[in-house]
Amino acid sequence: MNSYALIPFLPLAAFVINILFGRKYLKENAHWVSILAVAGSWVLAVMALMDVLNGNKINFDLYTWMLSGGFKVSVGFLIDQLTVVMLIVVTTCSTLIHIYSVGYMHGDTGYYRFFSYLSLFTFSMLMLVMANNFLQLYFGWEGVGLCSYFLIGYYFDKKSASDAGKKAFIVNRFGDFGFGLGIFVVFLTFGTVYYEPVFSQASSLAEATYNFLGYDVHLMTLIALLLFCGSIGKSAQIPLHVWLPDAMEGPTPVSALIHAATMVTAGVFLVARCSPIFSLSETALMVVALTGAITSLFAATIGLVQNDLKRIIAYSTVSQLGYMFLACGVGAYTAGIFHLYTHAFFKALLFLCAGSVMHAMGGELDIQKMGNLKKYMPITYATMLIASFSISGIPGLAGFFSKDEILWMAYAGESPVGKFVWAIGTLVAFLTAFYSFRLIFLTFHGKFRGTHEQEHHLHESPKSMTIPLVLLCVGAVAAGWVGIPALIGENIGVHNYIAEFMKPVLGHPEGHGTHGEEMVVMLISIAVGLAGIGLAYFMYIIRPELPDRLAQQFQAVYRILFNKYYVDELYSFIIVRPAIWTAKNVLIGITDGHIIEAVVNGVPSAIAALSSGLRKIQTGLMQHYATIMATGILIIVAIMLLR
Amino acid sequence: MPIAMPNLTPVMPELVMTCAAIIMLMAELVIKRKETLGFLSIVSAALISYLLLGSAGTTFGGMFVSDGYSSFFKLIFMANLVLTVLISPQYLHTMRINFGEYYALILFATLGMMLMASAADIIVLYLGLELMALSTYVLAGFIRYDMKSNEAAMKYLLLGAFASAILLYGTSLIYGLTGTTNLKDIAEYITNNGLAENPLLMVSMIFFAVAFSFKIAAAPFHMWAPDAYEGAPTPITAFMSVGPKAAGFAVLGRVFLVAFGSVRADWSLVLVPIAILTMAVGNILALSQTNIKRMLAYSSIAHAGYMLLGIIAGTPAGISSVLNYMFIYAFMNIGAFAIVIMLRTEGFAGEEIGDYAGLAKTHPAAAALMLVFMFSLTGIPPMAGFMGKFYLFMAAVNAGYTWLVIIAVLFSAISAYFYLRIVMLMYMKEPAGATLLNTSPGIGLALAITVSAVIFIGILPAKILGLAQIAVSSF
Amino acid sequence: MVPLHWYLTLSAAVFMIGMFGFLTRRNIIIMFMSVELMLNAVNISLVSFSHYLQDLRGHVLVFFVITVAAAEAAIGLAIIISLFRNKQTAHVDEMNEMKG
Amino acid sequence: MLQQLFFGYYAFAIIILSLLVVTRSNPVHSVMWMLLLFFHIAGLYLFLNAEFIAAIQVIVYAGAILVLFLFVVLLLNLREELSLRQVAGSWPSAFFIVAGLFVVVTAALGSYVPGPVGAYSIAAVRSETHVKALGKLLYTEYLFPFEIASLVLLVAVVGAVVLAKRKLRS
């Protein structure tokens, strides 16, 4: 047995121990089990990285769960370049956020429960990224969804929290339905669910079509789009993005880990993992690129006017996820994964800083009621500032390299929509810089606008919280140095290591452009970043009354943005309300209320009615039983003889 | 005429069982603590399981055959016996029916099942079946002061006798046609004399199908089951829902594949509508039940329907998946019944489904166990029930019954409603009052065994399935 | 010589009469007797088969059927007595506490 | 011819008696008709050269089982319930089902093909006597079922005792 199998199973063991003994025995010490386990996973992940760097690719089946005919399901692990990057991201963020949670969740009644869920989540996420077959991927996929559901609704006595959990669950159902169907089509087409045979056979089926109701559907496009449905749900892309901002009801470490750094990026990982299939379908790639681009623009514009600290960062996450899809859609999977990797650091950092702010503000989230926090929370301020520089693409920081790579690939790649998405991407870069610094300026600068009690309470967070901040901050600065583009790199003698590293799995398209063009693209992206910051400085520091005036001037636009384009209301109108109406008026109308209540809500009423009807046949009288038996015999004998 | 001593090695387990049962009858007179008898039964079950290993062979002029197939079923009977004995004592105390004959009768019933599984001759099959049935009738009516228990025993007995008469009529016809009652000889005679098309043979086969359908509680011959299950003492309900059903499948498989092997197309045509009707009746009627024992009775009917799929497939894979499913079913079903028994206290039946409301708040461990069993019965991975269903359905698909499997999956989706309704009640509702749990070491042990079996087989299904495949290959 | 078919038809007729009794009567004891009637019908056909096939196995089976019938009667009647103690009736339609 | 006449009488009597058994409202009468029926069936067995079976038909069925029935009928004192309607509501439907079954089964009986002829010809059985031949078979070839039958009887005894004993609760 390969010791790398322990990577996911250590957190699973921690989960089992915590859930069994947490309530009675571990109580306030529950975090030790989880932290040790995830740190162990991290060590193993680093060892795996070393191994892969030495050119090994590890693929093994741990044990076969079931085997029936040609259908085999096993727990198996594939550790290649892509997996290893994900492993490092997941275990690093997870470890740091586990540590941060010790301070953040201190004194919470469900302390052991929180850590056991975190461990379970880590397990599921690792199963997801390490799978060597689609079914295990699906298992991890559903597992992380379930944990996310538990953790969003962690404060289950708060109605908004449990509603948000439900919303996340239901919205993801839509995506997962397509995803499951996609896996099914994969199995039908290839006769296996293992990555290796599927991907190696994919190219031979590049032109295959599938006749569906008289239409010839391009098979690879069908599979790719079905799988992408899952990505849309999990990574909160339009039109299934509505759950992620609401998911901020969960504890902040959860937002950082699940809803920023790891789980929501699973969709990007899926596209990258299935790149051999996506690459065979131009249509699918175009859909991916456009979905990503539109989502990123859409979410960034909403982010401009929100006032809830965590929601702004959530929209920023949606927007950045769109960026990653944009990259994958133009064929630059490496760039997408690179951005995923850098994003994990600075976005987790942003959330943890937000958590630190919340901690100081006594749970307050409205940035209009903050201000001048840099005086009280220097470490939080410094780290959050760096993270914001990073996301805005200030040269030298992690976000700069990955974002630049994406924009250049979009501009110079072969994708027919490349130039278009590049333009959107550049616009989004500007908006990102603006709303990130709007957040910084409103929160940390100016005058404090909260209450007096809050002002008294203001303090820097405990060590267990600030140390992870600092460590993540190192990542937010330096994580990008593994992917320095050739343009800069050749002058200082470094390569684009990550692109070379990932090339065997994801390929690395060459940009069709000169160094001069590349330089221009880079300069534009730096310029828009700086412009965004400058505009934010102008509007919120120099002329703080300006935003309100603008909001009044362009009231219609402001309202639309503030209300997130009314998507929630739209869904409520076209899906939720009709569903509830049908349930209320049709289902309850047909059957009497208590059957519906007794049987889980929403049983097809016909079956329930049939059930109570059929019950009458079971009269309790033996003669009737015997009569029915005799009738059965008569019918069978008669049919068999007269046949 | 010299009488040769028959070879007793193959019947050794049955001999031990007979001795154990008779010893139990006599020991009952001197032993005051009846639990001791339960302990003795478990010891004998262990001894028999050990003896099963070296018992392969045919004896008594080919009337009795001990092969992998029968041994696998006997293993299920032993598990059934041990688990039933473990969950019994406390119920017997609560109901104040702690009579020693109880254990002897359970042993006799199990002996009957063992004889059925090994029967290679219709006479042995019939006598084994009656031995099992008569013991079970008495056990079902064991709470003599309770009207429901009497009623259960009465209905079971009368309808059982009716089904026996039908079985005997089928036997007489096949005897008249082939001049023998030995299953192998019957098969040989049918093929050698081209009887396969004979309408009378068809009638005989149908009568056999009906009688066995009665034993496995398949619709429309299932109607005794809900009443008998509801009225019988709960440990006996658990016992009845596994043992006689498994024995019924054992004889169904052997008779239909050996004796009627040449008319397979015909009997699968008979069994297909029975299977569909069984799944429909079991799953649909379970929806509107309010008594949990009754609900589990309908659930057990539905599971018989699923298992019929494996018999209909008729392939080695199909039969082995039936064996596998029966094994899994024994654990998950008795586990669920163990929880039902725990809820029963002096003066509180705890048999209404509503009594499970809020169980997770008052008794989280019991609720979690019930959750595992309900998930397994529904067939949610990674519980064993899922694997059982998966192999059954896969075998049926490979045998060309895809449409039947689609129907089965649909009905199995309906079943989620009534199983998960219990889970919902336990976890989502507030408890109505303080429910007392009637625990004992025996039940604790039974629950530990069942829950670990359900999870273990769910995670490592290959072991039991491999055993079942070996069992079928010898047949 | 009486043809075998006559016996078989007689047997079927008695079997069906027994079944008819079982389906219609509501006195448990008479239902019980109807089952005995069905068993006797089977015995008739078994004995006649045996006779015409010049074989004794049918007789052996009849022997066992009678044994089991006796055992069944003993237990059945014991249950009836038990039932009667609780509820002074032997009528099936008053015995449908459990249904549905 | 004589044989046919004998059979005709027996068949007629058996069917009439069976009908009487299942239609009499008074269980005591039913039992009495059944007693008569069993004697006729025993006669039929004699006719078929099954002396021993005829004997146990009389001894066990008529002598033991029916007496048990009668005993219970009288014990339960069912007299006051005699006035109840004798058929449970749906006798026409039961009649049609049973008649249908009779028709299909007898139709199938038309295709009966005799099985193989065995070694126990009437002469062979006569020379050995029926009891001895059957006894030999039971104690050699059918020893195993014979032993199981003893267990069935044991269970019946135990079961009857358990169900009928006086002490209801432990």
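A salt bridge here is a side-chain nitrogen of Lys or Arg within 4 Å of a carboxyl oxygen of Asp or Glu. Keep that in mind as you select chains C and D: across their interface the rule finds zero salt bridges. Before going on, know that this is a predicted model, where local features need pLDDT of at least 70, side-chain atom pairs count only at pLDDT 80 or more, and totals for chains, interfaces and linings use all residues. Residues are numbered from 1 along each chain as its sequence is written, chains are lettered from A and ligands numbered from 1 in the order in which they are written, and side-chain values use heavy atoms, with hydrogens and water left out.

**Stop one: chains C and D**

Stay where you are. The contact (heavy atoms within 4.5 Å) takes 69 residues from chain C and 86 from chain D. About 7000 Å² is buried between them, and carbon and sulfur atoms give 79% of that; buried area is the accessible area (1.4 Å probe) that two parts lose on being put together, summed over both. Now pick out C:Met33, C:Gln54 and C:Leu56, which supply 9% of the area that chain C buries against chain D, more than any other three residues.

Next, colour helix 1 (4-24), helix 2 (28-53) and helix 3 (57-86) of chain C: each gives two or more residues to the side that touches chain D. Which helix gives the most? Helix 3 of chain C does, with 23 residues. (Helices are DSSP runs of H or I, at least four residues, numbered from the N terminus.)

**Stop two: chains A and B**

Hop over to chains A and B, where the buried area is about 3700 Å², 76% of it from carbon and sulfur atoms. Select A:Trp65, A:Met622 and A:Met629: in chain A, these lose the most area to chain B, together 18% of what that side buries. The rule finds one salt bridge across this interface, so zoom in on B:Asp266 and A:Arg643, whose side chains meet at 2.7 Å, N to O.

**Stop three: a cavity**

Last, look inside. On a 1 Å grid over the protein atoms alone, a cavity is a set of points where a 1.4 Å probe fits but cannot get out, and lining residues have an atom within 4 Å of a point. About 80 Å³ of space lies in the second largest cavity; a volume is the space filled by probe spheres set on the points, which are joined across faces, edges and corners. Select A:Gly145, A:Leu146, A:Ala168, A:Phe169 and A:Asn172, the closest to its centre of the 14 lining residues.

Key: On a 1 Å grid over the protein atoms alone, a cavity is a set of points where a 1.4 Å probe fits but cannot get out, and a pocket is an open set with protein on both sides within 12 Å along at least five of seven lines; lining residues have an atom within 4 Å of a point.
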